[in-house]
Amino acid sequence: MKREEVANQLKAFDPEIYTLLEDERQRQRYTLSLLPNMNAMSPFAKYLEGSILTNSVYERSNKATSLGLRLASIVCARAKELFHSDHAIVRLGSIASASRVVFQALLNPGDTVLSFNLRKQDHAVGLSYTFENCGIDPATQQVDWGAVREQAERVKPKLIIYSPVSYPRTIDYRILYDIAKGIDAYLWVDISQSVSLVAAGVIPSPVMLADVVTFSTNGSLRGPDGAVVLCKEEIADCLDAAVINTGHEALHMNHLAALGVVLREAGTDGFRSYAEQVVKNAEVLARSLADHGASVLCGGTDTHLVLASAAAGIDLAEASKAIAQIDIRAMRENIPTMSSGLFLQALRLSTTNPTTRGMHEEDMAYIGTLLAKPLTAVLSPEEIEATRQEIVALVKDAPVFSEEWMGDTEG
């Protein structure tokens, strides 16, 4: 049955669900998402997710003929080659399940965890660990590695976690490695929201130094829901055992095939061009916001991420409401710092999705001027509507996934 026929029959059979589908189609087409965890899926991956592989079952009975084993072998090999990793675990349904696998493989109840911005604490609910926070210096808005080292030596964690979800600058992973090794701790880096940039080689990779690296496979990588764990050979067995013992090994064949194809895409020259454009777009967005009076934290960006805040005298919560009304989707958060109880309010903005839609530097500069309006002034209803119309005019003809970034098919 053709796609249009299925859609028409679904509309007649279940108009309630069909309406939700159409609402989401309109939202993705006519709003601008700057959410760090939202991106369109690769058309190749989307095709495979909806393919006949949906009906296939992962089975181990006959290793010579098992589709699941052959497919998992291909995907593992691609993950290891792309990231230069000793070992890869690819059949995980979410980053939360991947995180719990890592925790239960490496830690014992009561162990201390030193985590940048307390990342992964939400994935350890019900597990008995003590979390200690480290973060940016609130005055400089940079990481004070001397302070981090002192804290690590004081609290003696068994595990150090670095996940730069709320930090837009790149770091020297050798510093973190030295801190971890100096206190005999494991080092775990989660690169979920910047994995595409790491895969393309446009920002530093932690894989050669960290004991464990994790990432979600949707979002930045433009793949299906799921997660990957990369690790050093010496702890591969305990991580593999943790996957089985915790019951987290679960990824259907269609998802696994979709993951395989995005890993292949991520190794192409075209994908590197995409990743480079993501970074260029972020730099321009940060500069445009600053030039038009908004506050940009951490002195700018080296990645996909821009931390923006309101100008003096403007309430960020109220500005966020206006931003939603002009059809820009943005995430407002309190960013933890090295000082206990002191947070920096900011919007976490990402250029990943606008880049996937085919936007370039001139578009991001324009978006910066529009986004700066509610961050620097209280807008009237008429001004909000006029700005919304400018956003709609910008995005209405932009595809959800630009053909510019289709995977290389020649050679």
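I took two strands as paired if DSSP finds at least two bridges between them. Helices (H or I, at least four residues) and strands (E, at least two) are DSSP runs, numbered from the N terminus.

I noted the provenance: the model is predicted, local features need pLDDT of at least 70, side-chain atom pairs count only at pLDDT 80 or more, and totals for chains, interfaces and linings use all residues. Residues are numbered from 1 along each chain as its sequence is written, and side-chain values use heavy atoms, with hydrogens and water left out.

Next I checked strands 6 and 7. Strand 6 (residues 186–190) and strand 7 (residues 212–216) run parallel and are joined by three bridges. Trp188 has Val212 in strand 7 as its bridge partner.

I then turned to strand 10. Is strand 10 enclosed or open? Five of the five residues of strand 10 (residues 305–309) are buried, so this strand is largely enclosed by the rest of the structure. Buried means under 20% relative accessible area, exposed over 50%, and partly exposed in between (1.4 Å probe, protein chains only). Leu305, Leu307 and Ser309 point one way from strand 10, while Val306 and Ala308 point the other way.

I listed the partners of strand 10. Strand 9 (residues 295–296) pairs with strand 10 in the antiparallel sense over two bridges, and Ser295 stands opposite Ser309. Strand 13 (residues 343–350) also runs antiparallel to strand 10, with four bridges joining them. The bridge partner of Val306 in strand 13 is Leu349.

Last, I looked up backbone phi in two loops. Gln141, in the loop between strand 4 and helix 6 (145–155), has phi near 60°, a positive value in a residue other than glycine. Lys156 is not a glycine either, and has a positive phi of about 50°. I placed Lys156 in the loop between helix 6 and strand 5 (159–162). Lys156 counts as exposed, at 53% relative accessibility.
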